[in-house]
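Have a look first, then read on.

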Amino acid sequence: MHLKYVLILLIFSAHLTFGQEIKIIDSETNEPIPGVVYYNYNKSKNGVSDLDGKITLEDFPNNETIHFQHTSFEPITLTKSQILKNNGIVLLKPGSGQLDEIVLSVTRFSQSKNEITQSVVSINAEDAMFSQPQTTADLLSNSGKVFVQKSQLGGGSPMIRGFSTNRLLMTVDGVRMNTAIFRGGNIQNILSIDPFIVENTEVILGPGSVVYGSDAVGGVMNFYTLKPKFSFEEGMSFSGNAVARFATANEEKTGHIDLNFGFKEWAFLSSISFSDFGDLRMGSKGPDDYLRNYYIQRIDDEDVQVPNSNPRVQKPTGYDQLSLAQKVRFMPNDVWDFQLNLLYSETSNYSRYDRLTRVRNGNLRDAEWYYGPQVWFSGNLQLERKSKSLFYDNSKFIIAYQHFEESRFNRNVNSASLFNTEEQVDALSANLDFTKNINAIDLYYGLEYVHNKVNSSGIRTNIETQETEETASRYPDGSTWQSYAVYASLLWKMSPKLSLQSGLRYSQFQIDADFDNRFYDFPFEDTQINTGNLTASIGLAYQASELLGLRTNFSTAFRAPNIDDIGKIFDSEPGSVVVPNPDLKAEYSYNGEVGATLNFDNILKVEVATFYTKLENALVRRDFSLNGETEILYQGELSNVQTIQNAADARVYGFEAAVRINFCEYLSLNSNYTIAKGYEELDNGDKAPLRHAPPQFGNTHLIWKNNRLKMDAFARYSGQIRAENLAPSEANKPEIYPVNSNGDLYSPGWYTLNLATRYQLTDALQLSASLENITDQRYRTYSSGITAPGRNFIAAVKYTF
């Protein structure tokens with residue numbers, strides 16, 4: 001709790017001389033524009049603006065004409081003299097018929113999209129917030145490129161190309177968010193990222209281990225938060241945004257405000273968001289299996305199963321969340337850039353809804369099952385320096401500290417024992433990255449260090465007497481996980497049309513854990529793992545013409561075992577308990593991808609990609625014996641013993657497509673579609689469907705937009721997974737899946753029809769209204785334990801000053 005007060009900082013002014021620099025700015029939002037291509041008449045001099053919209057015009061004479069072009073803005077032509085007379089500012093007006101961003105940051109530095117050999121999804125803040133996401137998990141789901149699972153309202157576990165959880169990597173402002181206790185089961189850490197301060201999101205579809213290390217097997221989700229803005233006038237500039245929003249399906253009440261104080265060399269940004277979510281109401285048309293007919297109430301010191309007055313309301317699912325941010329930026333000249341980022345998020349308790357719907361002998365099994373407050377604090381200092389030295393042109397140093405807190409509480413019906421495990425992770429990291437241009441080659445290289453310390457405890461409380469006693473912790477208390485890494489990659493522009501990108505990374509991992517044998521007689525007392533992993537990638541991008549672009553990529557990736565893999569004790573499912581296994585090694589993947597882009601004069605654009613991934617030595621849950629016993633007592637229940645083992649190989653393959661049609665200046669159509677299939681080999685040699693390979697899914701948007709009004713009529717849809725195609729781990733979860741006509745569990749297909757609108761009433765006041773799931777469908781996204789919202793009306797107002 002005390003961490004939030006660290007973020008309530010005083011804003012001090014500074015009045016210093018600002019060095020000359022060229023910046024490209026959005027004329028409507030005053031935001032910098034990355035990815036703007038600029039060039040002279042014969043393109044002998046050219047470049048691309050970086051993530052801060054900065055460029056250099058040192059090679060251009062004052063009277064030379066310079067062209068500026070970006071697919072989301074109207075092109076403009078200026079002379080260098082005109083730009084300098086405007087204090088080094090180039091203003092671009094948003095255009096119509098926008099396509100995707102040109103430049104993405106997939107090597108920790110900016111690149112042209114035509115030179116990237118992998119599939120990358122870029123989501124800007126305007127598009128993201130137009131869909132009114134309640135959480136950052138919703139932000140990803142709304143893109144139509146990332147599938148999201150939810151076990152409860154306070155959740156969201158992304159799935160990318162058949163992988164999820166600890167086989168995906170998350171970063172915030174370049175800082176690794178994955179910790180040593182990221183598990184193979186569904187996770188909800190993405191909940192901690194406030195969608196209101198996300199300026200840009202980039203999702204690498206496929207491996208990213210060369211740059212990002214362990215866990216980047218299926219993809220990398222990069223979230224870039226708002227940057228403080230400087231003043232381009234004399235004295236201080238002050239700006240900000242205030243947002244209020246209400247939604248009917250869960251009675252959401254959200255408020256947000258951000259304030260920016262800008263000076264010539266200093267800038268400060270403060271942000272606060274608060275959301276209060278009620279119990280979620282499902283739709284009226286769909287499987288009755290999803291209805292919440294009964295729930296448990298504590299009446300006169302007894303657990304009573306009571307009828308739900310409205311079975312479409314999922315009780316209890318509501319929670320609230322507070323997010324704070326404080327940022328400071330100092331740029332004394334065009335060489336140095338310093339940034340301090342402080343982020344804090346805390347939820348209230350929130351129920352794990354799928355566990356509360358489990359039944360035993362026809363009655364509800366769990367009286368309580370909830371997560372305690374999920375707390376995340378991130379503080380990082382970032383230094384960027386430009387240089388024309390022998391070794392680098394640009395460098396970036398990030399040192400970061402993060403603190404994570406999570407806890408679990410569960411109690412069976414008519415039991416006085418409330419079990420609680422609490423975990424804290426303190427994460428330190430340092431990244432030093434460089435880029436150097438050598439003729440036609442851009443070289444990227446760097447170093448990384450990560451250290452995690454895990455503290456874990458277990459408590460059993462008698463709710464009748466309030467007596468407590470220590471029980472087994474979820475993880476070895478005081479265990480550590482650390483990584484050292486060095487990487488290098490290069491982009492070779494072999495010709496104006498052909499680029500080759502390749503990279504190599506070596507990572508060394510160390511795990512140190514001591515096991516507590518007071519509660520279970522493990523055949524080991526401690527473990528030390530010290531191992532190294534090598535990964536590589538190579539790819540080609542060929543821009544055959546303005547019409548056709550081709551790319552191919554081959555890469556390896558890995559996931560090193562973490563504390564969750566080697567040391568966890570928990571109930572994986574009713575009647576089973578997972579115990580530690582210190583004898584683990586990294587799992588490796590080998591990935592191939594081929595993609596193509598067709599662009600017909602920015603009127604029709606089609607992007608397709610197909611991929612294939614082989615995963616070896618996969619870390620999976622398997623039956624196990626502990627001291628010769630295949631069953632042990634866990635929380636008073638005789639449970640089958642399992643452990644994480646390098647026991648499987650897996651294959652994933654699929655196809656992705658995106659279409660954009662600009663019918664005219666005001667009307668466009670977007671559509672995204674993904675198919676991912678996969679299987680793993682079981683102990684007996686049989687093949688079984690992968691748990692995290694979702695059904696086919698996508699969305700289609702018909703968008704009309706003019707200067708004041710934007711309207712989006714869209715559909716979201718997902719295919720079904722038949723009973724015979726459910727993963728074995730999913731086939732025994734009647735609390736999640738309905739039954740088909742044969743009485744077998746399956747995951748039904750679904751669709752929703754939706755309408756979103758936004759009207760710019762004045763230059764400062766913006767009104768938004770959306771109606772989601774218009775036909776009131778009752779559905780669950782695959783593997784989810786909570787039913788999605790029914791018909792949902794969203795109203796929001798935004799005031800910009």
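**Salt bridges and burial**

Lysine 705 counts as partly exposed, at 28% relative accessibility (buried means under 20% relative accessible area, exposed over 50%, partly exposed in between, with a 1.4 Å probe and protein chains only). This is a predicted model, where local features need pLDDT of at least 70, side-chain atom pairs count only at pLDDT 80 or more, and totals for chains, interfaces and linings use all residues. Residues are numbered from 1 along each chain as its sequence is written, and side-chain values use heavy atoms, leaving out hydrogens and water.

Q: Which residue forms a salt bridge with lysine 705?
A: A salt bridge is a side-chain nitrogen of Lys or Arg within 4 Å of a carboxyl oxygen of Asp or Glu. Here the closest N and O atoms are 3.3 Å apart, and the partner of lysine 705 is glutamate 126.

Q: How many residues apart in sequence are the parts that lysine 705 and glutamate 126 tie together?
A: Lysine 705 sits in strand 48 (residues 697-705), while glutamate 126 sits in helix 3 (residues 125-130). Helices (H or I, at least four residues) and strands (E, at least two) are DSSP runs, numbered from the N terminus. So the pair ties together parts whose separation in sequence is 579 residues.

Q: Is serine 483 buried or exposed?
A: Serine 483 belongs to strand 36 (residues 479-493). Its relative accessible area is 4%, so serine 483 is buried.

Q: What is the distance between the closest N and O atoms of glutamate 587 and arginine 559?
A: Glutamate 587 is buried, and so is arginine 559. The two form a salt bridge, with their closest N and O atoms apart by 3.0 Å.
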